[in-house]
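Hi there,

Here is the structure I promised to pass on to you. Have a look at it first, and then read my notes below.

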Amino acid sequence: MNSQWETVIGLEIHAQLATKSKIFSGASTAYGAEPNTQACAVDLGLPGVLPVLNEEAVRMAVIFGMAIEAHIAPYSVFARKNYFYPDLPKGYQISQMELPIVGIGHLDIDVDGVTKRIGITRAHLEEDAGKSLHENFHGLTGIDLNRAGTPLLEIVSEPEMSSAKEAVAYMRKMHELVRYLGICDGNMQEGSFRCDANVSVRPKGQKEFGTRAEIKNINSFKFVEKAINHEVERQIELIESGGKVVQETRLYDSVKDETRSMRSKEEANDYRYFPDPDLLPVLIDEDFKAKIKARLPELPQAKKQRFKEDYALDEENATLLTSSRALADYFEIVVKESESPAKMCANWVTGDLLAALNKAGLEITDSPVSDQRLAGLLKRISDDTISGKMAKQVFEDLWQGTSTADEIIAAKGLKQITDTGAIESIIDKIIADNMDQVEQYRSGKDKVFGFFVGQVMKEMQGKANPGEVNKMLKDKLK
Amino acid sequence: MQNKTITELAQGLRSGEFSSVELTSAFLGRIRQYSSLNAYITITEELALQQAKTADARLATGNAELLTGIPMAQKDIFCTEGVKTTCGSKMLDNFIAPYNATVVDKFNSAGAVMLGKLNMDEFAMGSSNETSYYGAVKNPWDVNTVPGGSSGGSAAAVAARLAVCATGTDTGGSIRQPAALCGITGLKPTYGRVSRYGMIAYASSLDQGGPMTRSAEDAAIMLQTMAGFDPKDSTSVDVPVPDYKSGLANSLEGLSIGLPKEFFGEGLNSDVAATLEAAINEYRKLGAKVTEISMPSLKLAIPAYYVIAPAECSANLSRFDGVRFGYRCENPADLTDLYTRSRGEAFGKEVKRRILMGTYALSAGYYDAYYIKAQKIRRLISEDFKKALSEVDVIMGPVTPSTAFGLGEKMDNPIEMYLSDIYTIAINLAGVPAMSVPAGFAKGLPVGLQIIGNYFAEAKLLNIAHQYQQVTDWHTYIPSHFE
């Protein structure tokens, strides 16, 4: 941006944990229900009710901690964060303050081919608040408490990112990781994965941090980049025109593409954290950790490395195929079931399949062509039943319908002719009918070879095995 | 009939001497007759008679429990499905819980009859029952004095025979102090022994429900029903519940009793001290060895308590915001107005005082000096109890510095009011169980003896209290106007 200035960014990511029930009650966490139908007495904060910790949320936090090679606290404590807001039923949020469940860890990001390690300060468990609805209530506010009590993992990075690009890379990497681990569905539109960005600038070379502003609740990769760039620009302009950045919370307006002040440090709440006396400290022993470690899935980095080594894939394909666990699993099933060369499988998955999915706006998990069905098709390419060209046609049909590749090939009569006798008699006929061209070829005009191939294929309605045709033609024309 | 113990009533119900409906009707009649005591906030007459009918049917099948058909009452801090639960506050004057407290569920499945909901200090904050939105409760022994608090309605109702027994809750002495001032038996169990689910929280790390009865044997029967692990309360403890009645008859020969010198110094009324001395002599006669002990941290209990309890209550009471349930002010101008007027209009003075104290103690810059320091003191107190109870079997002392004080006497002096819990508060901070047992009278008003035991030693406390009640009759005295 501006060469005299250096940007410092830290992110706080809120990942909604994919538990079936809420973090302190048995109510469902499913998204999209009628307002207030998924809030039980505990979520409503009725008098006398008590929270009971969902062990699954603890397990997921520990899985995350292990994945970022963090210290897992043997003793962590839930605390009450006190503030009044209509969608916060108890008047406090149960969170973790002094003793979070996940301690210092790290995540490696790749930007412009360079790997950078970003420190993670901590990750802690907390409950989400409800939602205030300001529309359709005639000047009043509606409160939907379905989301209240949904488990969140707040992941706090060190202020170690120095550009919006790095922040996006970090957010993407984190998004990929939590989905890999199966602890978060990563749905950003539904708010399952969102972040706050702490942004400051300082003159290049200065050691002390500049005053930071916190941009709240950014829920897309595009917005995180825009919001940070905008904020950096605003701060630099402010300082260069003699002003001073004040510590404050700002909101990114994606429509106007600007950030605006929400509240200053002076207006900030004193949250009066203290340990929640309704909940016991969370004790995690070696046994609990060992059980989780045994079930820890292969992490993206390790998987990518393995794909490069075991399947001899290039960097690009390996990166793409391991960008989600579902895609990687899909690829591996295709390789195994089709008994085909991995490189061909990779090209089909990253090529035809992903292109079709992108065009239809679908995720791999919603693919109309299942891993098994694609494998069925690729199997027929590698055993020469059909040509690669015909396979594209079959793929179209796989996408549209529910038949298997074999059924489509049989129904359309696409089976490739590899019977050398049949090919030979056609070739003999073509040669006999085109003696002029044979002369030309034999006198050194190599280009004429294509004419013969074309004639044979035409005669055989494209079903002849091209390799076989080439080989036999070369022999006969000698 | 109203003077019989639970065991005697259970026999009467089984022998056909009277039915639960008759028994219940008799108590409902007394509740109406003595309504001037103001012990009840809600009388659930219809429900009680219906439960009594069901109990009679169950008794006829021979499949009844000891509490089946026994008319009792709940402190109005326990949520009751379909029946108003006020917690003594204007804030919850319109609150009907859609669920039962675990304790209420347990009495229901035992077949007990609920006569109604008992008066209490607002949100259990008070030592005289005078902070109740529903007005002060009067002490049946002298209607110009207080019954104690916060379970003042429970204590007065049991003493005046307006219920066979009642539940109470004890955060800093709220079962034991009113039990002492009203001459009944009260037990605060070990923290975690009785589920807190559905019991409206005052100070979560100190609150504990327990029985308020006329005898130790009745307390054993009630606790048997109340105690036990509850998966809905993370702080309830999963240890087996013993048979509390089976050990009542055990001999006290060789029992070692410790008397902390800090409990018998300045501040203890001399008549009360003399009464307690006589009670302790009874224990000597029963074969107990009495030694003086020292627990130096006890003097720190009140200041530590008045940081920890208000801190917790300042958060616990935040949910009363006028948004989802409870009192809401008229025509709020905006959100802040809704909060400040709803809370300002519906909370009483003492509740506001404690919310403010707690908010202050937790504020940035004060947290370490108050809250953290109080927690350190709490640990010291726990250590003191652990040490003392490794040297002696039980600790005995006064429950209150004096007998019941006059209505209105301490309302303008919160510090003096707080000091009336000086002998009970440390027990809550340590989490150990303790009882108040009627030990005689001083100038016509009841005096309670406090017996403190080790964690989960309720059976032992009940045994010690029961043995005393076998050789004394203080617990059988009836206030003269309520015979």
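This is a predicted model: local features need pLDDT of at least 70, side-chain atom pairs count only at pLDDT 80 or more; totals for chains, interfaces and linings use all residues.

Asp257(A) has 12 C-beta neighbours inside 10 Å, so Asp257(A) counts as exposed. You'll find Asp257(A) in the loop between strand 12 (248-253) and strand 13 (258-264) of chain A. Its phi is near 50°, which is positive even though the residue is not a glycine. Chain B has a case of this kind too: Asn38(B), with a positive phi of about 65°. Asn38(B) sits in the loop between helix 2 (20-33) and strand 1 (40-43) of chain B, and with 19 other C-beta atoms within 10 Å it is partly exposed. While you are looking at the backbone, check the peptide bond between Gly149(B) and Ser150(B): it is cis, with omega about 5°. Ser150(B) belongs to the loop between strand 3 (113-118) and helix 5 (152-159) of chain B.

Next, the place where the chains meet. Chain B puts 37 residues into the contact and chain A puts in 24. On the chain B side, helix 9 (301-316), helix 10 (335-346) and helix 11 (349-362) each supply at least two residues. Helix 9 of chain B has the largest share of that side, three residues. Sorted by class, the chain B side has 22 nonpolar, eight polar and seven charged residues.

Which of its residues are buried? They are Val351(B), Arg354(B), Ile355(B), Gly358(B), Ala361(B) and Leu362(B). Looking down the helix axis, these buried residues fall within an arc of 130°, so they line one face of helix 11 of chain B. They pack against strand 14 (274-275) of chain A, together with helix 9 and helix 12 (367-391) of chain B. The face turned away from the buried side carries the exposed residues Lys349(B) and Leu356(B).

Now the domains. Chain B is divided into domain 1 (6-255 + 391-482) and domain 2 (299-375), and their centres, taken over C-alpha atoms, are 27 Å apart. Domain 1 of chain B gives 28 residues to the contact between them and domain 2 of chain B gives 22. Helix 13 (414-419) and helix 14 (425-430) of chain B each supply at least two residues of the domain 1 side. That side has 17 nonpolar, eight polar and three charged residues.

Last, the insides. The largest nonpolar core has 233 residues, and among those that touch the most other members are Phe64(A), Met72(B) and Ile451(B). Helix 3 (residues 164-180) of chain A gives the most to this core, with ten residues. A second, separate core has 32 residues, including Tyr330(A) and Val394(A).

Cheers

Definitions and conventions. Residues are numbered from 1 along each chain as its sequence is written. Chains are lettered from A and ligands numbered from 1 in the order in which they are written. Two residues are in contact if their C-beta atoms, placed from the backbone, lie within 7 Å. Helices (H or I, at least four residues) and strands (E, at least two) are DSSP runs, numbered from the N terminus. Ala, Val, Leu, Ile, Met, Phe, Trp, Tyr, Cys and Pro count as nonpolar, Asp, Glu, Lys and Arg as charged, and the others, Gly among them, as polar. A nonpolar core is a set of buried Ala, Val, Leu, Ile, Met, Phe, Trp, Tyr and Cys residues joined through C-beta atoms within 7 Å. A residue is buried if 20 or more other C-beta atoms lie within 10 Å of its own, exposed if 12 or fewer, and partly exposed in between; C-beta atoms are placed from the backbone. The arc is that of the directions from the helix axis to the C-beta atoms. Domain bounds come from an automatic or database domain assignment.
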